[in-house]
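Visitor: I would like to understand how the words used for a protein model are tied to numbers. Could you take me through this one step by step?

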Amino acid sequence: MNDATSILPEHNKVTEQLARLAHRLNELRGIFDYDGKREKLEELDAQTADPAFWANADRAQDVLREQSTLKKVVADLDEAKTRYDDAQTLYELGREEGDDATIRDAWSALESLDARVGKMEFRRMLSGQHDEKGVLLSINAGAGGVDSQDWAQMLMRMYMRWAERHGFKVEVLDVQDAEQAGIRSAELAITGEFAYGYLRSEIGVHRLVRISPFDANARRQTSFASVMALPDLGDEDFDIEINEADLEVDTFRSSGAGGQHVNKTDSAVRLRHLPSGIVVACQVERSQHKNKATAMRMLKAKLWDLEQQRREAERESLQGERKKIEWGSQIRSYVLQPYQQVNDHRTELKSSAVHSVLDGDLDEFIEAYLLQQSQSSTEAPS
């Protein structure tokens, strides 16, 4: 065997890796306040065991959400420590017995743990106020006609595939189909841990360069589409109140692809918030009531976003890329012809795996941006 797993690691190399991982795991326990979270989790477990716990359904849901988040953090740290202990024991056993295969297994386990700890350390960068929440993603076709409408649909698929890769739930809240091909706009709700924290890196204009499939002369076409990400605040309380008198409510028939219910009842809902001019629509549910509730959820997020712009216009945090969402100021270019390359203009990260990226393999670009933002925040004067 000539592969890397057949090479017996030196003793010093293994002991150094064990020491490094022990130090990093200890740091993570402090960063994530392991002891405090475990203590809080025990308190919440006691609350949920109380028969009177469900008397207040809203409060119960809040507690369960907090309990679930704490369990995930504690379980991840516990599992990492268990993997470390197992690898250390395996290595010591291999050394005592002179068993090279066991030593290799221990080294392989340490390399796997190293990658896992790296992902846990990366999560430290997702420390924004709403980073842990789901995301409401808006995609809009821009300059470029039918090619841009097709490009908007390609982006919609890209983010849905990214979500699937991460095991996240995706709801298509609203889609405005274009006449010839593609879409004019789409609204997606992506539910998963830190979905907003990750996808806020995608806010901005995305540019596509390719030979147009809609041009009989096969000329190269440049297309643009914009992406906006907002935290899905759900029913969370925050300093935004919506007066029903300020809402203009329209109902219309859903424009889905088919089914017995589609186009037969006015179940779709469009809300216009008169003071701000914000318009949202939802047609994903069969029930008009449910569509209105989802539309209100979207409206709350957009009003929250508007308020953040007022309060934090000078800061490059949640609204840091707002000024860049203008045609001609793209954050990323996807070139299919005359060469193949994805180029993020903020981080200067490039990849020739364009088709893989368009199939949802975005993590390298997302992580590079978040790392850049984390370093900028650290270096910024207080």
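**Reading the model with a guide**

Guide: Helix α2 (residues 34-49) has 16 residues and should span 22 Å at 1.5 Å a residue, and because its end C-alpha atoms are 22 Å apart, the two values agree. The expected span is 1.5 Å times one less than the number of residues, and helices here are DSSP runs of H or I with at least four residues, while strands are runs of E with at least two, both numbered from the N terminus. This is a predicted model, in which local features need pLDDT of at least 70 and side-chain atom pairs count only at pLDDT 80 or more, whereas totals for chains, interfaces and linings use all residues. Residues are numbered from 1 along each chain as its sequence is written, and side-chain values use heavy atoms, leaving out hydrogens and water.

Visitor: How do you know that the buried residues of α2 are on the same side?

Guide: The buried residues in α2 are Tyr34, Leu41 and Leu44, where buried means under 20% relative accessible area, exposed over 50%, and partly exposed in between, with a 1.4 Å probe and protein chains only. They cover an arc of only 85° around the axis, which puts them on the same side of α2; the arc is that of the directions from the helix axis to the C-beta atoms. The face turned away from this buried side carries the exposed residues Asp35, Glu39 and Ala46, and what covers the buried residues includes α1 (11-31) and α3 (57-97).

Visitor: Why is histidine 130 called buried?

Guide: Histidine 130 has 3% relative accessibility, so it counts as buried. Histidine 130 lies in the loop between α4 (100-122) and β1, and although it is 102 residues from aspartate 232 in sequence, the two are 8.6 Å apart in space, C-alpha to C-alpha.

Visitor: What makes β2 and β11 stand at the edges of the sheet?

Guide: Eight strands form an open sheet of mixed pairing, in the order β2-β3-β1-β5-β4-β9-β10-β11. Because β2 (169-177) and β11 (350-351) each have a single partner strand, one side of each is left without a neighbour in the sheet.

Visitor: How do you know that β2 and β3 pair?

Guide: Two strands pair if DSSP finds at least two bridges between them, and β2 and β3 (residues 183-191) are joined by eight bridges in the antiparallel sense, with valine 175 standing opposite alanine 186 in β3.

Visitor: What makes a group of residues a nonpolar core?

Guide: Such a core is a set of buried Ala, Val, Leu, Ile, Met, Phe, Trp, Tyr and Cys residues joined through side-chain atoms within 4.5 Å. Of the 60 residues in the largest one, Leu137, Ile139, Leu155, Tyr159 and Tyr334 touch the most other members, and α5 gives the largest share of this core, eight residues. Apart from it lies another core, of 27 residues, among them Val14, Leu28, Leu77 and Trp107.

Technical notes: Contact = heavy atoms within 4.5 Å.
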